[in-house]
Amino acid sequence: MQRSRDRMERKNMDEQNQCQRKLRVCVATCNRADYSKLAPIMCGIKSHPDEFELEVVVLGSHLIDDYGNTFRMIEQDDFDISSKLHTIVRGEDEAAMVESVGLALVKLPDVLQRLRPDILVVHGDRFDALALATAAALMNIRILHLEGGEVSGTIDDSIRHAISKLAHYHACCTRTAEQHLIAMCEDHSRILLAGCPSYDKLLSTSRREDYMDVIKSWLGDNVQDHDYIVALQHPVTTDIQHSIKIYGLMLDALISFNKKTLILFPNIDAGSKEMVRVMRKKGIEQHPNFRAVKHIPFEQFIQLVCHAGCMIGNSSCGVREAGAFGTPVINLGSRQTGRETGENVLHVRDADSQNKIYHALELQFGKRYPCSKIYGDGNAVPRILKFLRTIDLDEPLQKTFCFPPVKESISQDIDHILETQTALAVDLGGTNLRVAIVCQRGRILKKYVQPNPKTFQARMKLLLKLCADATRDAVGLNCRLLGVGVSTGGRVNPQEGVVLHSTKLIQEWSSVDLRTPISDALHLPVWVDNDGNCAALAEKKFGQGKGVENFVTVITGTGIGGGIIHQNELVHGSTFCAAELGHIVVSLDGPECSCGSRGCVEAFASGMALQREAKRLHDEEQLKVEGMDMKLAEPITAAHLISAAKLGNSRAEAVLNKASTALGMGIVNILHMMNPSMVILSGILASYYQAPVQNIILEKALVSAQNIKVVESHLEEPALLGAASMVLDYATRRIY
């Protein structure tokens, strides 16, 4: 009991220590722009010393004299700077940007090791911020990224998204940005829709009473409210020369527009040196209408933007903060392409002439627009502080991504590569049950044949046994079975894998679910279809219909069936009874058909119909002719009728002519309805019917259909190959 009490006391002490431990937050700022977003957060953290410990790291252009040595304003805001890192390699070109990232990566590890922050706060899309995020991620420091998920159309996009992938937590500004982060597979539970922190300050201080003093201090005593322009243009690093050209055109338009203009120097990106050279070549710094400055404190800059007659350039401030005041903005070029903007922004994406920019100034200058709060409502900092309090430092540091479900990939294993992809094909015939392993090229690797039992239970038991045997043997044959295809007589619902009504040859075989028991037993996908449809699929993949977009297959066997391929797809019909080709009626007073009707093609031309007529002639002793070898004990079949006709038996010839005519007329009806480009005859009687049917088409079909060819199938096992083709074609497509 004493040991138990000691453990409880230690546990309570650990919990108290954990509760008392401050969250060490390091805020890193690289330039004047990101400081305007980070300063409100830094103030919020500093105002809660019992919960947070603030460390400030300053790097980038903050420490460069040409850009105003803006680190001083951080000190003036009464923040203790923990470390200053000179990371900028001068040159203002692409190589200098890369070297600056490298220099920052060299210097940051010592600083981060010394400060040991629990979390690093990084803003935006600058190359300096990329160096910060990279260093922190590699040093197992948690990262909170501000303003991720936004789109701006330049290299900044790539940098911003790269930082988002490195970051563990996100505080974004808009609902669209949040959705972008989710689409980028970021964990929704680690995304905060906070709004822009700069709005917390600008919405509370934008309407200062002394705003005219601020305006006059920067632009002179003669300037009035809404009667001046703020210009801020940065280089586009992916198209530096074009952005320099736009900058020159903007300056020319501003000179011609003849209004007082406060112009800020561009940032430190590649191309800025050339832009400053253009500005000085045009004498902007000496021009009486211009005031060129390197830096303006954020609170004063807010006043100047709020009360300007217009803002022009490509700064994010124009499409973001200016909207909160309704200040008219002219956005030039591609740097902010894709940003969400209010109605106050006029885009001049193709700023290819001074005249176009001048007209934009005429349209926008002096207007006022409704205030827009797309990027914030002034309460971002409280949300971010609350979010920081919820961070559990004991949860795993390893970042996880929320990927959407994808298809299982095929492993590149040598055994898999060497395996032959095959299908298990089942032909459920009236006499025999046949199962085969069929490869992609249509070759039957192994076949199993058994008499089909009469009862339902015995039939299913044998079917599952043969399938199990084939599955086991497939391993020895180095075959990978993709699925099972079943060909059966009657009407089939292929979507459910159910035999709705079977033929009279297979009794007790109606409303039978074949898919479920086979799939459950073999753990493979199963496709089921009518044997006529399967024959058409076999021709499409392996036979005469290969590469043919529209054709009809007619099976001439014990019965008459078939399948229709239209625009490369099998036609099933609304109730799955399309292509019942044997039951096309060609005579109103013809013989009775197995379907109950009279005069169907099947009643004239099927193997059973011919066998019936052969028996009739035999009973009348009118079948046998001289030269015909026929034993008394053997059963009479259609083959005897054909043999008799070939030897000159006129009665047999008359029966076969009537059968050929009936089949031919049925096919003519198909041609007039479906207009296929080919008819393929399959089955044991195909070779006999091919020529007569072609002649009937020439005699009876419309002129437009008379040239359609009737060809004989060369496939020996159309039912099995059709069953296999369902698997081989649809196992990956999944839309059968």
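A salt bridge here is a side-chain nitrogen of Lys or Arg within 4 Å of a carboxyl oxygen of Asp or Glu. With that cut-off in hand, let us walk through this structure, which is a predicted model.

**Salt bridges**

By this rule, the count comes to 36 salt bridges. One of them pairs arginine 335 with aspartate 156, with an N to O distance of 3.7 Å. Arginine 335 sits in the loop between strand 12 (329-332) and strand 13 (345-348), while aspartate 156 belongs to helix 6 (residues 155-166), so this contact ties together parts that lie 179 residues apart in sequence. Both arginine 335 and aspartate 156 are buried.

Arginine 616 and glutamate 613 are both part of helix 21 (residues 607-619), where three residues, about one turn of the helix, lie between their positions. Arginine 616 also forms a salt bridge with glutamate 620, whose closest N and O atoms are 3.5 Å apart. How exposed are the residues of this second pair? Arginine 616 counts as partly exposed because its relative accessibility is 32%, and glutamate 620 counts as partly exposed because its value is 38%.

Elsewhere, salt bridges that share partners join Lys37, Asp125, Glu147, Glu150, Asp157, Arg160, Arg320, Glu321 and Arg339 into one network.

| Pair | N to O distance |
|---|---|
| Arginine 335 and aspartate 156 | 3.7 Å |
| Arginine 616 and glutamate 620 | 3.5 Å |

**Backbone angles**

If you like to check backbone torsions, two residues are worth a visit. Aspartate 78 has a phi near 70 degrees, a positive value in a residue other than glycine. Where is aspartate 78 found? Aspartate 78 is in the loop between helix 3 (71-76) and strand 3 (81-85). Aspartate 78 counts as exposed because its relative accessibility, 53%, is over 50%.

Asparagine 258 is not a glycine either, yet its phi is positive, at about 65 degrees. Asparagine 258 lies in the loop between helix 10 (240-257) and strand 9 (260-264). With a relative accessible area of 53%, asparagine 258 is exposed.

**Domains**

The domain assignment of the chain gives domain 1 (22-196), domain 2 (209-364), domain 3 (416-543 + 719-735) and domain 4 (546-714). Taken over C-alpha atoms, the centres of domain 1 and domain 4 are separated by 81 Å.

How values were computed: Residues are numbered from 1 along each chain as its sequence is written. This is a predicted model: local features need pLDDT of at least 70, side-chain atom pairs count only at pLDDT 80 or more; totals for chains, interfaces and linings use all residues. Side-chain values use heavy atoms; hydrogens and water are left out. Helices (H or I, at least four residues) and strands (E, at least two) are DSSP runs, numbered from the N terminus. Buried means under 20% relative accessible area, exposed over 50%, partly exposed in between (1.4 Å probe, protein chains only). Domain bounds come from an automatic or database domain assignment.
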